Each structure stands twice: as structure tokens, then as C-alpha cells.
Amino acid sequence: MGENAWIDMDSAIQDQLDLQVELSLDRHHAFMAERGLGQCRDVVDVGTGNGRFLSEVALLHPTTRFHGIDNKPHMMDAAEAHACKNVEWVLADALDSETSRLLGETDGVIMRYFVLHLPDTRVSFQKILADLRPGARLWVLDLDIDHCRCEPPNSAFTGFVDLVRAFCDHNAVEIRTGALLPPILEACGFEVAPIVVEPFNNLNIDPLRLADYLCREASLYHYFLHGTPGTNELRPLREFLMSQASTDSQFVQYGMVMLSATKSSSSKRIPKADDRGDGEAGASAGSCSG
Ligand SMILES: C[S@@+](CC[C@H](N)C(=O)[O-])C[C@H]1O[C@@H](n2cnc3c(N)ncnc32)[C@H](O)[C@@H]1O
């Protein structure tokens with residue numbers, strides 16, 4: 001993904017991250033709270049972005065220590081604006097040793113809309129999760145193209161899903177979180193609970209807010225792929241979402257899933273690619289089981 005696009009589109013990205021928090025915070029927080037967040041004393045949010053999500057969660061858990069990590073200085077600048085006494089903002093790459101140190105001392109890890117940004121999911125997960133202690137929790141909240149739905153089908157929505165897929169292909173990442181992450185995590189020594197599909201659809205979210213969210217999302221993907229916001233190209237999607245998809249006879253869902261996993265107490269330390277020196281770590285799912 002072009003670094004310039006992150007800067008060019010900074011304000012649109014920040015707005016979208018904020019809207020995402022407004023639409024999903026309650027569901028995402030409830031999911032994590034039901035799966036151990038309250039028992040954690042120290043939690044790391046990897047790829048924390050502008051820190052809006054983490055700061056809202058931190059307010060709900062004042063006795064827990066949180067660390068928000070991101071590798072983009074402008075995101076960290078935005079995060080610093082959230083004055084939360086129980087959050088430390090850290091400018092670092094998820095794959096760096098400073099992050100490994102933090103992760104080795106934590107008992108909870110959040111990854112929210114982050115997996116898509118990793119270069120190779122299997123190898124990256126192996127590296128990021130290698131130093132986690134047995135019993136540490138992981139929550140992944142992310143897109144899943146397998147759970148996008150439009151009933152009855154509509155060509156504008158199909159075009160939107162194709163755009164998301166093209167963006168994922170561009171990043172060389174398959175964003176099929178529910179199908180692909182569990183075996184990777186199991187190979188990394190995690191026990192993975194059944195995934196939950198988030199009801200990110202026009203039955204659970206006000207259709208016009210959902211339409212606004214999906215149009216902004218499509219425009220960002222269009223910008224990252226083609227360098228323009230796609231105002232004309234995305235007009236059919238906008239019209240469909242604002243009219244038909246706002247009626248009871250149309251069902252529209254953006255694929256989002258919630259996954260929780262626990263580092264198994266019997267798991268050994270995972271050897272990292274650097275430890276092996278053969279440059280092939282993570283080539284198979286079994287290679288990161290230690
Ligand atoms: C879509 S944003 C999600 C932000 C936040 N988690 C949320 O849910 O609002 C993804 C973030 O991951 C960050 N990121 C991407 N690759 C990273 C890496 N290797 N290390 C740390 N942060 C990374 C980006 O800078 C971006 O802020």
C-alpha cells in the first residue's frame with residue numbers, strides 16, 4: 001500500500017476509523033469482555049491507528065494498563081490527543097523487537113482491522129505472537145470477505161466486494177479471517193474459540209449510517225488502488241445503498257468477524273524466522289508450533 005495514500009487520505013481515514021468505532025465499539029467491547037478482557041492487567045493493541053478504539057476501551061477498564069502500538073507517526077500524533085492515564089502510546093512496528101518485549105509481558109493482545117496490513121499473515125503472526133506467555137488472550141476483530149452478503153444480489157454491491165478483494169490482492173493478503181486464521185493460530189500454540197460473525201448489516205445498524213460507512217470504505221479502497229476517490233465509479237453503489245438497501249426487502253452485510261484465542265499452557269516458545277536462519281519459517285502451518 002502506498003505510504004502517500006495514508007497521508008493524502010489522512011483526514012478521510014481518521015473519520016472512517018472514528019465512524020467504525022461508533023458503529024462497532026459496543027459489540028467489540030462486549031465480545032472481548034465476555035472472553036477475558038476483564039481479567040487482564042496489561043493489554044497491547046497492535047496497529048492501534050488513531051487510538052480512538054483503545055482509548056474508549058481503556059476508559060471502561062481503568063485498572064488495566066494498555067499499550068497502543070502503531071508504526072505511523074501521524075497516527076501516533078492523533079492517538080496522543082486521547083489523554084488516557086492508563087494508556088501508553090508507542091511508535092513501533094509490530095514486527096520489531098520493542099514490540100516483542102511488550103508482547104512478552106502482556107496478558108492480552110488486540111488486533112482490530114490490522115491483519116490486512118501485515119505482509120504475510122502466517123509469517124507475521126508467527127513473529128508477533130512468538131513471545132506471548134501461556135494463558136495470554138488474543139482478540140482479532142477484522143474483515144472477512146466470506147461473510148459479505150447481499151440478498152437479493154445487486155451488481156453495485158458485487159462491485160464493492162470485488163473492490164475490497166482487489167485491495168486485498170494488491171496487498172497480497174487473503175482477508176478470509178474466519179477460515180484462514182484459526183489453523184495459523186493453532187499452529188502457533190493457541191486454542192481458538194469458534195468465530196463469531198458480527199451483525200454488521202442493515203438490520204442491526206441504521207441503514208443510512210451503514211450506507212455512509214460502506215461508501216467511505218469503498219472510496220478509500222478506490223483511492224489506494226487507483227489514486228482517486230472514485231466519485232463517478234461508485235455512484236451506483238451509493239444509489240443502491242441510499243435507496244434500495246434502506247428498505248426492509250434488501251439485506252446487506254459487510255463481512256466482519258470476531259475471533260478469540262488463548263495461548264495454550266502447554267505451548268513452547270515459537271522459534272522466529274530470525275532464530276532459524278533458514279529464511280523459511282512459517283512456510284507451513286506446522287512450522288510455528290515450536
Ligand atoms: C485500519 S487501521 C486500524 C486502526 C485501529 N486498530 C482501529 O481499529 O481503529 C490499521 C493500522 O495498522 C497500522 N499498521 C500497519 N502495519 C503496521 C505494523 N507493521 N506495525 C504497527 N502498525 C501497523 C497502520 O498504521 C494503521 O494505523
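Of the 18 residues around the ligand, Gly-47, Gly-49, Ala-94, Arg-112 and His-117 come nearest; a residue is near a molecule or strand if its C-beta atom, placed from the backbone, lies within 6 Å of it. Helix H2 (10-34) and strand E2 (65-70) are the elements that give two or more residues to this shell; helices (H or I, at least four residues) and strands (E, at least two) are DSSP runs, numbered from the N terminus. The model is predicted: local features need pLDDT of at least 70, side-chain atom pairs count only at pLDDT 80 or more, and totals for chains, interfaces and linings use all residues. Residues are numbered from 1 along each chain as its sequence is written.

**Exercise 1.** Determine how the residues of strand E10 (residues 256-263) are covered and which way they point.

*Solution.* 
Step 1. Eight of the eight residues of E10 are buried, that is, 20 or more other C-beta atoms lie within 10 Å of their own, with C-beta atoms placed from the backbone.
Step 2. Met-256, Met-258, Ser-260 and Thr-262 point one way.
Step 3. Val-257, Leu-259, Ala-261 and Lys-263 point the other way.

**Exercise 2.** Identify strands joined to E10 by bridges, and a residue pair for each.

*Solution.* Two strands pair if DSSP finds at least two bridges between them.
Step 1. Strand E5 (residues 137-143) runs antiparallel to E10, with seven bridges; Val-140 stands opposite Leu-259.
Step 2. Strand E7 (residues 190-192) is also antiparallel to E10, with three bridges, and Val-192 faces Ala-261.
Step 3. Strand E8 (residues 196-197) and E10 are antiparallel and share two bridges; Val-196 has Met-258 as its bridge partner.

Notes. A residue is buried if 20 or more other C-beta atoms lie within 10 Å of its own, exposed if 12 or fewer, and partly exposed in between; C-beta atoms are placed from the backbone.
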